[in-house]
Amino acid sequence: MIDMMSFIRTVALLNNMDINIEKNGNVTIIELNGDLNANATAKIQDQVLSATPPNSKVLLDMTNVKYMSSAGLRFLLLLSRQLGGQVGNIVLMGLREEVADVMSITGFLDFFVTAETRTEALKTLT
Amino acid sequence: MRNTRIDNQPTHVYEGYRLRIGQPLPFGTTVTPHGVNFSIFSRFAKACTLVLYYKNEKSPFVEIPFPQEFQIGHVFTMVVFDLDYERIEYGFRMDGINAPHMGHRFHIENVLSDPYAKSIGGRDRWGEVTNPEFDYQHRAQIVPEDYDWGDDRPPHIPMEDLVIYEMHVRGFTKHPSSNTKHGGTYTAIREKIPYFKELGINCIELLPIFEFDELEYVRRNPITKERLVNYWGYSTIGFFAPKAGYAATGIFGMHCDEFKTLVRELHRNGIEVILDVVYNHTAEGNEKGPVVSFRGIDNKTYYMLDPDGRYLNFSGTGNTMNCNNPVVRNMVVDSLRYWAAEYHIDGFRFDLASILGRDQLGRPLANPPLLEMLAYDPILANCKLIAEAWDAGGMYQVGSFPAYGRWAEWNGKYRDNVRQFLKGDKGLAWDISERMQGSPDLYSGRGASASVNFITAHDGFTLYDLYAYNDKHNEENGEENRDGANDNYSWNCGIEGETDDEAVNELRRRLVKNAIATLMMSRGVPMLLMGDEMGRTQRGNNNTYCHDNELNWLDWSLLKKNEDIFTFCKYCIQFRHQHPVLRSANHFTHHDVVGSGYPDISFHGTRAWQPDWAEYVLTLAFMLDGAHATVNGHPPDDTIYMAFNMHWESHIFQLPQLPANKNWHVFINTSPGAQNIIHPPGLELPITPQEQIWVGERSIVVLVGK
């Protein structure tokens, strides 16, 4: 799986993605800030994947993600697969309507549970 | 072992880009763990350069000539390491001679799209040029081929059980009345899946969805001055790329995922997807046409040329793909395999398929290798193959298309005979008897499911217009009404075009219903044109290839206005699904092979058991013995009787006698004044008397013996 990730390795470019990782009990909360495009994905993938070992629970706070590219969508699916591939190990929280729409149109939303708020997301995960 | 492989290391460096020789197959691009493999064929090019761009940037960021040692045979192949394939677009420069009389049209200054491009940028949103200032417009893109299909399995509906709905992606939902979130797109079709299920169709056939340039025309509508577009899309730019402008996410480059998701959802709902594919020509036109790809990559291989290098034109569009050149033939096979494997497509309808049976000089082949290859291809083994069995060069093969036990055909003769008979032309009773049986006169030995039956298709009048116009009205196409078919076998019921005359409108509705019932009662595979189930009109235009407006957009408010037509159509389709005796891959035997006392099919006239085939006769009836459903492995079915009275006077039809425990029930009676024109299938009402039935002028009756 790590090998596959190197597909997305990219010529370095400036981008505005940063992430914030914290723990809440057995749930890893990852806050993504910025557009999740190929560059951003390449930048954060190792950090996110190492913070989320198989069978852990993850809350992805997407409130500040305004756009997700094809690589971003694939990264989310890869993360879900690393977590065991079961719907429910990962909750996408605060999806903007445009992002949710693209995820729905392209079929990716089917693989995820979503929540409006952190409280709701944590409830789903625990 | 993986770590000891050495092909993850470059062997060459060019301007900082790390390279090694690639794999020559498959052609096109392949994403590898270390980079992207590019491979392109050209028999006559002397050299090739890979041109790489970032999206939305006019100038390339690098041009990498293929080193000579990266050429294997006529294939240039190279891996470029560490490319961020989501952000780039690519093309090729081909170096060779420009000598049109010899068939060669190389120009080093052109950047050319990849014939195997799996996505093509430049028309990301319908009707807009994404970057007008770019010289290289239709840019090849690289897509991840990693879609998660879950447990998707094509429905594998037997051909004879299909009810096909021929439709245009954009036209289906672009009208504001469609109430879809992203009107005119793949995903909007997904929103309409409940509609398909209500209507009862189980297969959609999409007009071309291979990338094309809708903006290829510069003409304007002479009446409205609106710009004309290539709306239908029979003008391929790339045989592996779905049209981005049909996707709500085309502007994000996610059209491939969007289209796959549509197919997946249709499959989940038991609906198959057939693509209308155009391999007979490309968007490059003749000598004066644009240079997009093939012409500059290897003109002499990809196109049929005369000995002086001029384009042969069997397609009516300026050029003809050289489909029986072995390299081009392989490209066609590769393309179809790609759609079957990567997009889970269930079948293909081949535009002007007869061209695929011509040799490199355009002569008809007795045993066309391409058609044979497709028939026996292991990956296409479960795909439906449907031919439009004619071309613009005069080849007409309805009934004689080389089938290899696999190919079905658009039955053009069904369309013409049924149109003529239903409007009251004489001398057609015998022909109609053949058409209702799956055209055994045409498809003997191939079976009834070789016949795709249709009365209307995108090319021609809509069903409503068939009874509202005597003549085509194509003035808005800007060709002075010269375009479009002249032999429409239509009848305006007395007044040309729209009218308030109630009698005329009643007659039109009746004839529309007669046609729908005929189609759904015929053995073979019925194909319904989008909107005919709700009385769609094109205002008499029978060739709407160039209009992106209400002429082509389905107006969903017609569902309410013509609710009776919709309900009628829905019940006819339900009835077909409920009665296996209507559907079979085989033709009738005209014998009693199950010991029921009745032949599988029998013909009748106004007197039972006495069909009248005389020239002047406009009546005909037939009966399908329900017991014969067991021949095809179904439980015994009801017996079905259908009477046509296409005369302008009413007639009484004497009914054949049923076995003692069965009675005739009426399902359809379109006669003027009939209490109910149609009943919900299964809720047909018994008739009295049982011995005969009165059928009004220009009407049909369908009875169920149960």
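Me: In S4(B), which residue is the bridge partner of B:Thr32?

Reply: This is a predicted model: local features need pLDDT of at least 70, side-chain atom pairs count only at pLDDT 80 or more, and totals for chains, interfaces and linings use all residues. Residues are numbered from 1 along each chain as its sequence is written, chains are lettered from A and ligands numbered from 1 in the order in which they are written, and side-chain values use heavy atoms, with hydrogens and water left out. Strands (E, at least two residues) and helices (H or I, at least four) are DSSP runs, numbered from the N terminus. In S4(B), B:Thr32 bridges to B:Gly35.

Me: How many residues lie between S3(B) and S4(B) in their hairpin?

Reply: Strands pair if DSSP finds at least two bridges between them. S3(B) and S4(B) pair antiparallel over 5 bridges. The number of residues between them in the hairpin is 2.

Me: In S8(B), which residue is the bridge partner of B:Ser39?

Reply: S4(B) also runs antiparallel to strand S8 (residues 75–81) of chain B, joined by 7 bridges. In S8(B), B:Ser39 is bridged to B:Thr77.

Me: Why is strand S4 of chain B largely enclosed by the rest of the structure?

Reply: Buried means under 20% relative accessible area, exposed over 50%, partly exposed in between (1.4 Å probe, protein chains only). S4(B) spans residues 35–41, and it is largely enclosed because of its count of buried residues: 7 of the 7.

Me: Which residues of strand S28 of chain B point to one face and are buried?

Reply: S28(B) covers residues 692–695 and its side chains alternate.

Me: With which side chain does the side chain of B:Asn514 make a polar contact?

Reply: B:Asn514 sits in helix H12 (residues 502–521) of chain B and is buried, at 0% relative accessibility. Contact means heavy atoms within 4.5 Å; leaving out residues up to four places away in sequence, B:Asn514 touches residues including B:Leu422, B:Met646 and B:Arg698. A polar contact is a pair of N or O atoms within 3.5 Å; within protein, one must be able to donate a hydrogen and the other to accept it, and residues adjacent in sequence count only if both atoms are side-chain atoms. At 2.8 Å, the side-chain partner is B:Thr670.

Me: What are the edge strands of the open sheet of 6 strands in chain B?

Reply: The order is S22-S23-S24-S29-S26-S27 (chain B), with antiparallel pairing. Inside it, S26(B) and S29(B) share 5 bridges. Each edge strand pairs on one side only: strand S22 (601–604) and strand S27 (685–686) of chain B.

Me: What area is buried between chain B and chain A?

Reply: The contact draws 29 residues from chain A and 28 residues from chain B. Buried area is the accessible area (1.4 Å probe) that two parts lose on being put together, summed over both. Carbon and sulfur atoms give 49% of a total of about 2,200 Å².

Me: How many salt bridges does the rule find across the interface of chain B and chain A?

Reply: A salt bridge is a side-chain nitrogen of Lys or Arg within 4 Å of a carboxyl oxygen of Asp or Glu. One joins A:Glu97 and B:Lys181 (3.3 Å, N to O). Across the interface, the count of salt bridges is 7.
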